[in-house]
Structures are given as C-alpha cells and as structure tokens.
Amino acid sequence: MATRRALHFVFKVGNRFQTVHFFRDVLGMQVLRHEEFEEGCKAACNGPYDGKWSKTMVGFGPEDDHFVAELTYNYGIGDYKLGNDFMGITLASSQAVSNARNLEWPLSKVAEGVFETEAPGGYKFYLQDQSLPQSDPVLKVALAVTDFQKSLNYWSNLLGMKIYEQDEEKQRALLGYADNQCKLELQSIKGAVDHAAAFGRIAFSCPQKELPELEELMKREKQSILTPLMSLDTPGKATVQVVILADPDGHEICFVGDEAFRELSKRDPKGSKLLDDAMAADKSDEWFATRNKPKASG
C-alpha cells in the first residue's frame, strides 16, 4: 500500500470570502487551483446539490506531496449545519499562530504550544506553535467513530493503512499510508456519529489498476459503495477515475486513480486570480440582501 497517498479533505463552505481569508491569510496556505462548474458533480463532490458550484484547492505546497483542503462552494447556500463527525485538522506552523494573533483571529490554548481555532463554518483546526523539518505542515485529520475496533479493522485491514499509534484505553488510533504523509486519527465518541449537512469527504489516491480491485473487495465484504467506479471530467483538464466509499460510520472516502490525478492536480499559476475574480463576480450575497432574504441552509 506504499503507493497510496492521502490527498485532501473536502469542506463545504457557506461564506467563501471569509473561508478563503482564513486558509490563505491565517493559515498561510496558497491557492493551488480553482475551478467553476455549472452543474453538480456526478460523484456528489459538492454534496447533494445540482446547481452551480466551485472547487478551490488550497495547501502549503503542490498536491503531489502535500495534504490540502478542497473548499466546495455551492452558490446560493449560505451555511451548513455542523455535525460531530469531523474532529479537526492538526498542523505545525509557528507562522499560522503568528498570523492568527496579528489578524486577531480567535485562538484558545488547549495544551502547551497547541492552539485551537475555527475556520468559518465551525471546522476545528489545531495549530502547533512549531515548524517541523518535513515539507508538509499538515499532520493529521481526526474523525469520530462509534465502534473503535470495527473502524480500525476497516481502515487497516480493508483499506490497508498502517497503524502508527493505538490507545485502547482512550479508544483512539493514528493510521497512514507512509511516514511522510498526513495521518488519519480515529477517535471514539459516545453516541452516534452525526454528519449533519456539513459532512466532508477524505480523499486518497492509488494506482488506477487498483480501483476495480478495491471496489470488488468492498462488495465481497458487504461494505458501503456510494459511487461505483466512474470517470469524472473537469473542463480542460485530465479525466480521472474514482470510487466513493463509506466507512462503518458513514464517513465518505474517495479513491482516485493516481496517474490521472497527478495530471489534474498540477498547480495552476492563475488559480488565485481565478478565485478572486469569481468572488468579485459573485453577487449572490447582495442579491439576497436587497430582497431581505437569507441564503438557504445546506
């Protein structure tokens, strides 16, 4: 499984302007590419919505060797109800801590040298006030689970992740595909996992030839397949093949063919300008304000 890669986490964003400010100016990420779509994604990349939407990839470096965030914005949707499924992203960046202080973005100290903050929409981020030697500051994504052993079996035995840490008493585990990649933390909670409307999706790549095998494995194991193997088009860019799965708690997981994804995910030097132009052209907030109507909730 050494050829598999952790790619990104998908966030649904209601306020695109404030969200971009957080990722770009507070965290210090760069806009890697920006794409606009006139209709909903065939693999529900933007959630269960069929209207106009946009995708913005932001990260600390190229998608080839950095775990990044995918910001999906559905025009006309102003906010999404948050569940308890996403427990946060941890990153090591003294610069992000400094940026947050300078911009007076709320920070709360949760441990020595660790600060909790929130992106617009309520998504939690944990900032370690240090800069580590590895190239990617993003260390881990934490997801809530209800049956710890069942989840551990799914991610390690079925999806082939290596277990880096396991704490039976605290019912948590840290998994990953490689030492130098962003890790996945599973954290057991009491009660059911509630995905609400803001539910995200975590994405990985694998050699394209493994996608049919992965789908067959999930069929044999009677696991959830949300979207069977299919091709996804991006206008003017590479077509990729994907399979969308769901773990025992319903966390959405995208596996994409690595070869085509590397082509699709090349950094677009015009990405930041495309995003800024799209935000400037988006008059939806004004439209709703002049009519004294709120945007819809997701």
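In these legends, Ala, Val, Leu, Ile, Met, Phe, Trp, Tyr, Cys and Pro are classed as nonpolar, Asp, Glu, Lys and Arg as charged, and the others, Gly among them, as polar. The views show a predicted model, in which local features need pLDDT of at least 70 and side-chain atom pairs count only at pLDDT 80 or more, while totals for chains, interfaces and linings use all residues. Residues are numbered from 1 along each chain as its sequence is written, and side-chain values use heavy atoms, with hydrogens and water left out.

**View 1. The second largest cavity has a volume of about 50 Å³.** A cavity is a set of points on a 1 Å grid over the protein atoms alone where a 1.4 Å probe fits but cannot get out, and lining residues have an atom within 4 Å of a point; volume is the space filled by probe spheres set on points joined across faces, edges and corners. The lining of this cavity is formed by V10, K12, A44, C45, N46, G47, F199, G200, R201 and E252, which divide by class into 4 nonpolar, 3 polar and 3 charged residues.

View 2. The model holds 4 cavities of 30 Å³ or more.

**View 3. The largest pocket (an open set of points with protein on both sides within 12 Å along at least five of seven lines) holds about 430 Å³ of space.** It is lined by 26 residues, of which C41, C45, K55, L232 and D233 are the closest to its centre. Two or more lining residues come from each of β1 (5–13), β2 (30–37), β3 (53–59), β14 (201–206), β16 (240–246), β17 (252–257) and α5 (258–264), where helices (H or I, at least four residues) and strands (E, at least two) are DSSP runs numbered from the N terminus. Strand β2 supplies the largest share, 3 residues, and the lining of the largest pocket comprises 14 nonpolar, 3 polar and 9 charged residues.

View 4. Just after α2, E104 adopts a positive phi of about 55 degrees.

**View 5. R172 belongs to strand β12 (residues 172–176).** R172 counts as buried because its relative accessibility is 15%. Beyond residues up to four places away in sequence, R172 touches K140, F148, E165, Q166, D167, E185, L186 and Q187.

**View 6. I244 is part of strand β16 and one of the members of a second, separate nonpolar core of 17 residues, which also includes A43, W53 and A260.** Such a core is a set of buried Ala, Val, Leu, Ile, Met, Phe, Trp, Tyr and Cys residues joined through side-chain atoms within 4.5 Å. I244 counts as buried because its relative accessibility is 1%, and, leaving aside neighbours within four places in sequence, I244 is in contact with A43, R201, I225, L226, T227, I253 and C254.

Methods. Buried means under 20% relative accessible area, exposed over 50%, partly exposed in between (1.4 Å probe, protein chains only). Contact means heavy atoms within 4.5 Å.
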